[in-house]
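Subject: The structure we talked about

Hi,

Here is the structure I promised to pass on.

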Amino acid sequence: MGSLSFFRQMLQDVRQQKLRTALTVLGITWGTVSVSLLVAFGEGLEARIRANQRGLGENIVIAWPSRTSLPWEGLGKGRRIRITEEDVEALRREIPQARFSGEMSRENSTFRRERVRITPEVSANSPIFAAMRNIIPAAGGRYVNDLDLDRRRRVVFLGDKLKQDLFGDQEAVGQTVMLDNVPFLVVGVMEKKAQDSSYSGRDEGKAFIPDATFRGLFSERYLENFIFQAHDASATPDVTRKVYEVLARRHKFDPADKEAIGMWDTSEAEKFFAIFFGTFRAFLAIIGSFTLVVGGIGVSNIMYVVVEERTREIGVKLAVGAKPAWIQRQFLAETLTLTAVGGVCGMLVTFGFLAVFPLLGLDEYVGTPQASPLVIATTTALLGVIGMIAGWFPARRASLLDPVVALKLA
Amino acid sequence: MDKLIELRDVRKVYSTGRLEVQALRGLDLEVGRNEYVAIVGPSGSGKSTLMNILGCLDTPSSGSYTLSGEAVAGLDRNRLAEIRNRHIGFVFQSFNLLPYATALENVELPLLFAGVSAKERRERAAAMLDRVELGDRMEHKPTELSGGQMQRVAIARALVNRPTILLADEPTGNLDSASGKAIVSLFEELHAAGQTIVLITHDSGIAKLASRVVRVQDGQIVEDVRAAA
């Protein structure tokens, strides 16, 4: 007897209720697929959107000098505020809990290499700009460094798409391109990255050069914008307030005048996404769970039928000395086995789907759903709970049968 | 003589809605070791209720039941299951074998609940099937056996855990007369070997073979005759 008999009894039940058992297992399978796929899609989408977010930079604030909107110390409103590299130096000095980089840009300079001519956006900035904006050099290259700045070197770092346009599949690092007829050495190419938002075109199409070189070349003094990033994301509001204070003091405007310097705090989006995806995931999990619960009701139902059919057998077992708890365990185990079979089938379908999904090429839009530990843990836990509940009631009914009554049934 | 069974003023009342039925009305019974008792009576006499109480499938509404020195009345379901496993071997009219299990597995069943190891279960069940002359049918399923053979498997199952009492309820009721006779003679052999047997029947021919006949009517014992030994 023992386990052998347990499985044989199960097979017996399955054989007697073929269609019903199959439909029941199918219900659990479908429920499992729903839960696991929904959660997997939720995770994939979240990962995709977060990756896109990272493409712009994590918790960075982008600041644009603008015009004052409040009068201050005798100065009228509507005064233009212009920020220079010295202002950025002052910010670095006075606000050590964040890092800063100014950016200048130009959209009318032409790159020329052999017969290819392109007029991309040229961004001039400092080495930490790359770290803040998640611009990562592909193998074999580097970003603009401090030495480039000191010596006003004519070096350029290319966005991956721009590199492709200029060089095709050829190696670009070490090559020279002409920028408004001035030769620039390519020192690096950007690693392909996902980026869903930008404020002057995507990084993949831009050229990056040292700001010192840019100033020398184009006699430009004022920054178009600057970005900063608090070392600790939670300090961002505090840092932002200090930035206003420092610049207001230097340029004589009201520190409360938010329009003098326009700011885009991308960590705001981060907060939004945290809440949005928390809710989204819970919502998907709940919808999937309901499907699984319906499957569980099916299992419970078929187990009631099984108990009904095996009443006499339960009577015999009780008569020869089976304790009620033993009977209960047997039916509970049978329910859990049915649930597990459905669950495993469902997981297999999910894994199969997840294996095929990347071939559809939708990653850029909805991300790639992944069977992460969270997905597997959520589904397994739900299956376990539903199996236990589904089995508990029929098993309890079986164990509470009066042996006299059970034996008398023909 | 050891008293294995001692019933004192046992009453059993079934209430169905507003109607109360007294199945047993203050019944006293003692059964000693190695007795072979036949309980007879017309249907509705209360003999089935008596059998259920003796077999610890049911408990009396009032009165006391001492089985092998242990007070049984009022025990919970788990304790009753243990007592059935240890002291009672049931033989039913309709065999009550598990249809999907082999003869051997059916006989092993009580040992499974007694917590006996798989190896010992197998050995003891096989020995018991040999004892009822079914050594060559161990791997057969009930559907592949005749009625007489099925009842012998059931008897082997009843005896395998060495019960204090073999409790048989109309064991020949579903058998042809030849098979029935074989079962009855098996009971006599078992009795001769020292087994205490309580047999419930309405067949006076079978009852006559017991060493003692107890007649039940209207929930009371109306006659208790011991055959001359």
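Let's start with one residue: Arg99(A) counts as buried because it has 20 C-beta neighbours inside 10 Å. (A residue is buried with 20 or more other C-beta atoms within 10 Å of its own, exposed with 12 or fewer, and partly exposed in between; the C-beta atoms are placed from the backbone.)

Before I go on, some housekeeping. This is a predicted model, where local features need pLDDT of at least 70, side-chain atom pairs count only at pLDDT 80 or more, and totals for chains, interfaces and linings use all residues. Residues are numbered from 1 along each chain as its sequence is written, while chains are lettered from A and ligands numbered from 1 in the order in which they are written.

Back to Arg99(A), which sits in strand E2 of chain A. (Helices, H or I with at least four residues, and strands, E with at least two, are DSSP runs numbered from the N terminus.) Ala230(A) is 131 residues away from Arg99(A) in sequence, yet their C-alpha atoms are 6.5 Å apart. If you skip neighbours within four places in sequence, Arg99(A) is in contact (C-beta atoms, placed from the backbone, within 7 Å) with Ile128(A), Met132(A), Phe228(A) and Gln229(A).

Now the sheet. In chain A, 11 strands make an open sheet with mixed pairing, ordered E4-E3-E7-E8-E6-E9-E5-E2-E10-E1-E11. (Two strands pair if DSSP finds at least two bridges between them.) At the edges are E4 (116–118) and E11 (261–265) of chain A, each pairing on one side only. E11(A) pairs with E1 (residues 60–65) of chain A in the antiparallel sense, over five bridges; in one of them, Ala63(A) has Met263(A) as its partner.

Helix H9 (residues 266–309) of chain A lies across E1 and E11 of chain A, at about 30 degrees to E11(A). (Axes are lines fitted to C-alpha atoms, for helices over the stretch in contact, and angles run from 0 to 180 degrees between N-to-C directions.)

Where do the chains meet? 20 residues of chain A are in contact with 23 residues of chain B. Helices H1 (3–16), H10 (311–319), H11 (324–356) and H14 (403–408) of chain A are the elements giving two or more residues to chain A's side.

Cheers!

Definitions and conventions
Contact = placed C-beta atoms within 7 Å.
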